[in-house]
Amino acid sequence: MDVRPKENFSQRQDTSAVRHRKTCKVNERAEIHSQPHNGTINGANKMITKRGGGEHISSPSRDAHVPVFILALVIVLSVSTRFYKITEPPHVCWDETHFGKMGSYYINRTFFFDVHPPLGKMLIGLAGYLTGYDGTFPFIKPGDKYEHHNYWGMRAFCAALGSCLPPFAFLVVLELSQSSTAALIAASLLIFDTGCITLSQYILLDPILMFFIMGSVLCMVKFNTQRLGPFSFSWWFWLLLTGLCLSGSLGVKFVGLFVILLVGINTALDLWRLLGDLSLSLVDFGKHLLARVFGLIMLPLFLYTTIFAIHFIVLNRSGPGDGFFSSAFQSRLIGNNLHNASMPEYLAYGSVITVKNLRIAGGYLHSHWHLYPEGVGAHQQQVTAYLHKDFNNLWLVKRLDNSDDLTGSPELVRHGDIIRLEHKETTRNLHSHFHEAPLTKKHLQVTGYGINGSGDVNDLWQVEVCGGRKGDPVKVLRSKVRFLHRATGCVLCSSGKTLPKWGWEQVEVTCSPYVKETPNSQWNIEDHINPKLPNISLAVLKPTFLEILWESHIVMIRGNSGLKPKDNEMNSKPWHWPINYQGLRFSGVNETEYRVYLLGNPVIWWLNLLSLALFVILLTVASLAVQRRVKMEGMMKVHCHTLMEGGGMLFLGWLLHYLPFYIMGRILYYHHYFPAMMFSSMLTGITLDILLQNLQLLFSSSLSHYLMRGGQSVLLLGFIYSFYLFHPLSYGMRGPLAHDSASSMAGLRWMESWEF
């Protein structure tokens, strides 16, 4: 009879884990001495073990073997290429117009609207503030001279984050492949790419976004290496840091959702493996699940929400973004006419009002002296929806018979009343008729018509309070109101579509024959001026934090989807990007100006494209070999695992950051491809390194060694030489354009679509 004390399950598990780690270390030492180096850090320094019903390759601790000097070289080259000529040109370039201005708004605490989440602009503003920028430069248009304004700090901040991308790529590929050569190739692709350098040197969101994306991938990969030490300090550190980077990615741009999806897929696969590990109890599996929910969902959501809380606290003053938001939202902004304001509670005849559409970013009912162009409905005065506060948003409420309310007590406007709306500035009436609208062809045109308030029966509108009954008064700000056109039976509507330049790119206003209640056809009275009526306080309108958070996201999403190309504006298509078909002018268009042109190093980009095809071929061969249980030994087995695990993850990252753009309806630009380009560059490092290491399958050992070293040298020298040829694209060009034989770039315009 056995009288020994029984071990509980956790003790057996701990003891087993200790024995497993010791075995790994012993086997590691044995393999280091038995395997050739072949360009990797530890040769075949990997252990193939059973876990969760399948094989995976784990790598024991190898910090002592990390080629620190190579990483240091990568950092030095990365910083040098990004900070060289960081202050040139000393004028606004491309989208610095937007993001530099938004940084100024944070310094001045002025509210604005942008289609992206606020973190990137907040960091740009903070960098400017810490380096002495006072927020006074107007950032009106590209080409404006910075002069005495201190702009270098904001550029340097973006360059510093851009400098982190090659070291991050080096560390990611090092973890996935265990090959310093693969890591160096991947890092070199980003160091010597002219496009990555250009994007990193200016006041833009792209280097900040790519920093958090690469940080998320690096932290995820480092977390995956902690599988043998769950719930240790390092395990928690990398898990929580992954969550932090994910919140940063989404906090800069909604494109950050793609890397969140990548990490989510990796986490789901990891949990599936754990579920299949029969040595792990369901209680322990539950702990793993809860830890990931906390670190990768709850923490990022909390940090993301905190970003917006800071955003709303800092931007507490009225600014150019007010009109995109509801009246209740505006009431919290200092300097807005609704902040701590008072006005008459009920609408009356003789009141001067502004009418705001309830569709988010629907705009204020607006008119101006300009007419619709010939061929666009009737040649009458334009009526639009304008997203900013303006004197041309004011309308006078008049009676059916067009009589004035100059004497006596004012009469309230009620549900069912028929009114005229006279534009205060031009004295023309709000009017509709049987002409089709400019853009929404099934709707009717809305115009301004008449002289000094006189018009015709097409100027009559019936007021309808949503949910109201006959005789109910119209409450300012709180009543949802519709305006039904008496002559045609249609309802006043903001379509949300942006008019061409003849309409000043304002929002189309139509009269819709579809009278169903929707936010597009619902309005509220915002400003209300009538000295004959008593005022009430508007303090009761202030919304809660969750309400303004929700509204801001609806506005951003609608604004993003509404970004369409303007007349003659250059945009690109997703199929253009991998082939480096066309770049972007950052500065200058003629031979007398300082020209900067965003274009990837063509040697690097075309090599990435070739490597994508090679990877698919190699992955297919490796998958077939594994499926057919082909006998593989040593490095061959390691390479198959690297292709299927590490390469597969990077390939998935490339797909997730590239393919979604094919289904996007918004305007697209060349720079949208750069997050995907980072993944393809890291994949190129792994693919080319494996190809070079497997030359021994075709040649003798000594010859394959020399061919491998020669191939690695040719690659690196090719990157450096192509960078030497194309570096003026990033650092600036003067003189004749490339099509001129006297140009310094003559002969380098390899594609007709390149415009440098």
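The backbone oxygen of Pro344 lies 3.2 Å from a polar atom of the side chain of His528, in a predicted model where local features need pLDDT of at least 70, side-chain atom pairs count only at pLDDT 80 or more, and totals for chains, interfaces and linings use all residues. Residues are numbered from 1 along each chain as its sequence is written, and side-chain values use heavy atoms, with hydrogens and water left out.

- His528 belongs to strand β15, residues 523-529, strands being DSSP runs of E with at least two residues, numbered from the N terminus.
- Because its relative accessibility is 5%, His528 counts as buried (under 20% relative accessible area, 1.4 Å probe, protein chains only).
- The side chains of His528 and Ser351 are joined by a polar contact of 2.8 Å, that is, a pair of N or O atoms within 3.5 Å, of which, within protein, one must be able to donate a hydrogen and the other to accept it, while residues adjacent in sequence count only if both atoms are side-chain atoms.
- Leaving aside residues up to four places away in sequence, His528 touches residues including Met343, Tyr346, Val476 and Leu533, where contact means heavy atoms within 4.5 Å.

**Strand β11 and its partners**
- Strand β8 (residues 418-423) runs antiparallel to β11 and is joined to it by 2 bridges (pairing requires at least two DSSP bridges), with Gln462 as the bridge partner of Ile418.
- Strand β12 (residues 481-485) pairs with β11 in the antiparallel sense over 5 bridges, and there Arg482 stands opposite Glu464.

Note on methods. Helix = DSSP H or I, 4+ residues; strand = E, 2+ residues; numbered from the N terminus. Buried < 20%, exposed > 50% of the residue type's maximum accessible area, 1.4 Å probe, protein only.
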